[in-house]
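I opened my notebook to look at how two chains meet. Here is what I looked up.

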Amino acid sequence: CAGEENWVDSRTIYVGHREPPPGAEAYIPQRFPDNRIVSSKYTFWNFIPKNLFEQFRRIANFYFLIIFLVQLIIDTPTSPVTSGLPLLFVITVTAIKQGYEDWLRHKADNAINQCPVHFIQHGKLVRKQSRKLRVGDIVMVTEDEKFPCDLIFLSSSRGDGTCFVTTTSLDGESSHKTYYAVQDTKAFHNEQEIDALHATIECEQPQPDLYKFVGRINVYHDRNEPIARPLGSENLLLRGATLKNTEKIFGVAIYTGMETKMALNYQSKSQKRSAVEKSMNVFLVVYLCILVSKALINTVLKYAWQSEPFRDEPWYNQKTEPEKKRNLFLQAFTDFLAFMVLFNYIIPVSMYVTVEMQKFLGSYFIAWDEEMFDEAIGEGPLVNTSDLNEELGQIEYIFTDKTGTLTENNMEFVECCIEGHVYVPHVICNGQILHDCTGIDMIDSSPGGSGKEREELFFRALCLCHTVQVKEDDSIDGLKKSQVPRKSCIYISSSPDEVALVEGIQRLGYTYLRLKDNHMEILNRENNIERFELLEIFSFDSVRRRMSVIVKSSTGDIFLFCKGADSSIFPRVKEGKIEQIRSRVQRNAVEGLRTLCVAYKKLTEKEYSNVQRLLQNAKLALQDREKKLAEVYEKIERDFILLGATAVEDRLQEKAADTIEALQKAGIKVWVLTGDKMETAAATCYACKLFRRNTQILELTTKKIEEQSLHDVLFDLNKTVIRQNGSLTRDTFSGLSTDTQDYGLIIDGASLSLIMKPRHDGSSGNYREIFLNICRNCSAVLCCRMAPLQKAQIVKLIKLSKERPITLAIGDGANDVSMILEAHVGIGIIGKEGRQAARNSDYAIPKFKHLKKMLLVHGHLYYIRISELVQYFFYKNVCFIFPQFLYQFFCGFSQQ
Amino acid sequence: SRCPDNSAFKQQRLPAWKPQLTIASVLSSFFLTGAFCLTAGVCLLLSANSVREIQVDYSDKCSDCSKLRENSSNWNKECHCSVNFTLNEDILGDVFMYYGLQNFYQNHRRYMMSRSDAQLLGRNVKIPRRYCVPFSTYSNGTPMVPCGAIANSMFNDTIDLFYNRNSSVIQVPLLKTGISWWTDKNVKFRNPNSYNLSSAFAGTARPPYWQKPVYLLDKEDERNNGFVNDDFIVWMRVSAFATFRNLYRRVRRVRHFAEGLPAGNYTFRISYNFPVTRFKGRKHVILSTVVWSGGSNPFLGIAYLVTGTAATLTGFVITGIHLKLRKKKT
């Protein structure tokens, strides 16, 4: 197809280093880096200069270096040894520490770079060291091995051309993910066959996004036109991931060494600095001023005092010849420097080292805390940085995620509503599949003929429309499987909602068995296995907030099942009992349940082939593939028939309410930022006591803005808040007063972006100011319908507001990473949604309730300790230097 | 397992003492400190006042001498002068004689640096020392021994004390040893090894302001000669302030002076060599006894008194504030 497209940012890879057949394209061998991973910072040769340079970039070290040099050059009261030795000590200790760390990195690098890799050369399997791997080599990976570089998946030992992979070390998700081999190559099963492959791959230049990849493979068969196939992230096996459940696979290396996505993701985070450190630097500047002024005063006084010759040079104390000849100004300058050296201890040398040690050792107390150890995961808190210990005690704003942080993210299927009839599973089973829960309690059971049909369709839809995988227990092998229809198996998915739904449906009689040869198997209520051919999956994304599958039943009907948030389904529905379901959904949302709506549509063969064509086109695009796909989805997912809705309960984390209450009592403002819809989020907020019964809720939502203009709404709210504030007397400020009205603000993503949007008429800051003012007067703020980036925006907005409050962001999922990185202190919850948040955070804790002890005990103690330490250091040095300064008045300002 | 230890240290449960600032503890600590400081101050002051001390300023007592010394070319002209004083009461116990200097900056950095400790240990006396410049060598290259500004400016007046008793004049016997620190005398100062001192110092010259070479400082006592001369050692220990006194002699308690100095008329006979008018200084001779708290300096006592008073006053102020606030509350 589009071979003429001009790609600036792409690379061409010749699989197995074979030239394309003549006439196709010119063979231009490109040069790529080898597969060496370099995470070390220094080499043996550049260690000393580079390390010294890095160390002297710190102001304190540089200052002491200057002092040392001054002491070397001019005659000063203290010998250069006194400042040289400590400096040397500090530098050496740091250098040894960094050198040791780097040596470890070198060792780790070597271990990785030298581990053996199998690859194919001239039809034979060859073992080589990993670092000798080059782009274009064909690699064989066996089960439980890690991929040595980023590979395009060519074929696997599994007949259907799939393989399973865990990416635990990449993004922390332990679930098995399925990857698909390139269609045209999946038939090659041994070395000779794979070596005969003649193909080129065109793909984008390396980029760090783990989940994005676009490329194209051109397979040459004899002399025919090459067959082009799209390559997506489902064909790309990433370095660092592990092959599971698959005997072996073949792949071709496309990104190697430092260009792999894993290596690109290892870029270090920007360093966060604590407020204490910043104020320490201010202190230092002040002290520097004191130092300079002391030295100046003394120099001036010295020359005033010496103006009389009997003082300048009495008979018992004569000057040397060179001293007599020296220029007066030069002499004064050296005197000034000598005074500087004399008083230089006012800036504490040892403080930096001591403070760093204190922080480093102190940070262990968090990890050691028994009360913050979680038995269930078997993990305690993790401290990723020790620089921010004392910040924990100064937090003014907490931004928390809802799902997985405030709530357990342990989903339970509560009920479903089909055509207005509500079904509740009899036995509430928590994450476990029980064999005896088959009963259905029909609250409102009057399904007519068509109702029955709808009901079955609904269950099938839930059974089919998901991306859940089945993990069979190891003890049960193939033999048993066929004998016991209801085997114990575990459903794995990246989304806990789906697991809850599939499990819930199982309790209602429909069991999802497995995905085999592109056919989904379902065990229905009559214990018959139904098979559906899986044609397409439109996977879930947070923009569309829905997912769809297209399946073909055994009878040949093609269905499109779609499930998603109510807001994204209702506009696309053309028939069904919308009103009844909508009211049910809203009721459930108010109770704090997560609701999903299910809809379907029947496709004719013709429609389906049309869909297929659209998809194929979009998938083949190299640029803007995401956008084009989204457009196609938009086109396809419409005119649904509404089936029903489900409700899943997400229980609150233990003691979440208690924690929030304690934090609010401590004067910390808690904001909840969530992607959920307003009703659900507000219900959670009530449940965890963020909003109380007497809290007056201010709403700033799209609905309200539609009625009034944003301008009016903002001003109205502002007036309400200010009126209340004005009636407050000063001494109720302590927060003890219970009778005063407190406010809770609810804002949604759309209105927030309106507020944040820079305006053309120059009054851009205006809305923000009003918004901030409203927020400042609210005890709790709930932001719902937030995109991950908006979360970070909010944090930034507060962080940069006038008072410069210290902010903390806490979350557990990948969507919280941006706000965790943005806030002063980022805390990750070691939770279910993977470890991405925990890895990017400064501290990671197992449960939300641990935040209470973390902030109110540890943070408080750290803050007190560090401030006492720093203040003591400065006090000590003033005490040390001030007598020295006064003594100059008694010894003729001679720097003694 | 990975569960952390339940130890007192790791769980931060080590016993700690965090005093609560209650009115009782604060007030009692203030009053206790105040009382302690006041008593200590009173004791110190009393003991300092019990010291008997005579101080005589003789810088201008013999005006011709001070004139004579203003010109350094008259260095070898002798000048004697005597100062009379009367003791109204006996001074009992050990009596020490000091000389005191005012406005003499022994603590000036350039001055303090100008010495060679290696030389004073008797090592390589003939080598010129860098630190001693400009009192290191003469222009012809002969090294000065001892070198440096400190040694060069050594106090060189000789003071004798006479007791005028019924028109007969008795010289008060004075001891010139045992006035320096033990470590100085035995560790920090050593004569160079040689069979006699003059040969040890051969090839060197006396400092310019000295009247006699170092090996003639005390001709009678070998153990008090050269670098280990007590007067020299006392001078070499520089003082911290521009006004200071150094121990010069001890009164030997024999015959009339077995109990100390009896009341009566005395005369200091001074050989006036040390010029002070050129740097607007003064010099004194002082007779004093010592007590457990040292000499007659009342500073420590006053400091304790001031601190004690301040603490007590603060205590009263706090009590006042506390009483006032308590009334308001009830």
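My entries below go from the interface to one residue in chain B.

**Ground rules.** I am working with a predicted model, where local features need pLDDT of at least 70 and side-chain atom pairs count only at pLDDT 80 or more, while totals for chains, interfaces and linings use all residues. Residues are numbered from 1 along each chain as its sequence is written, chains are lettered from A and ligands numbered from 1 in the order written, and side-chain values use heavy atoms, leaving out hydrogens and water.

**Interface.** I found 33 residues from chain A and 33 residues from chain B in the contact (heavy atoms within 4.5 Å). On the chain A side, A:Trp315, A:Tyr316 and A:Trp368 lose the most area to chain B, together 28% of what that side buries. The two chains bury about 3,200 Å² between them, 56% of it on carbon and sulfur atoms (accessible area lost on being put together, 1.4 Å probe, summed over both).

**Charged pair.** I looked for salt bridges (Lys or Arg side-chain nitrogen within 4 Å of an Asp or Glu carboxyl oxygen) and the count between the chains is one. A:Glu308 and B:Lys280 form a salt bridge through their side chains, at 3.9 Å, N to O.

**One residue.** Is B:Asn152 buried or exposed? I noted that B:Asn152 is buried, with a relative accessible area of 1% (buried is under 20%, exposed over 50%, partly exposed in between, with a 1.4 Å probe and protein chains only). Leaving out residues up to four places away in sequence, B:Asn152 touches B:Phe135, B:Pro207, B:Pro208, B:Tyr209 and B:Trp210.
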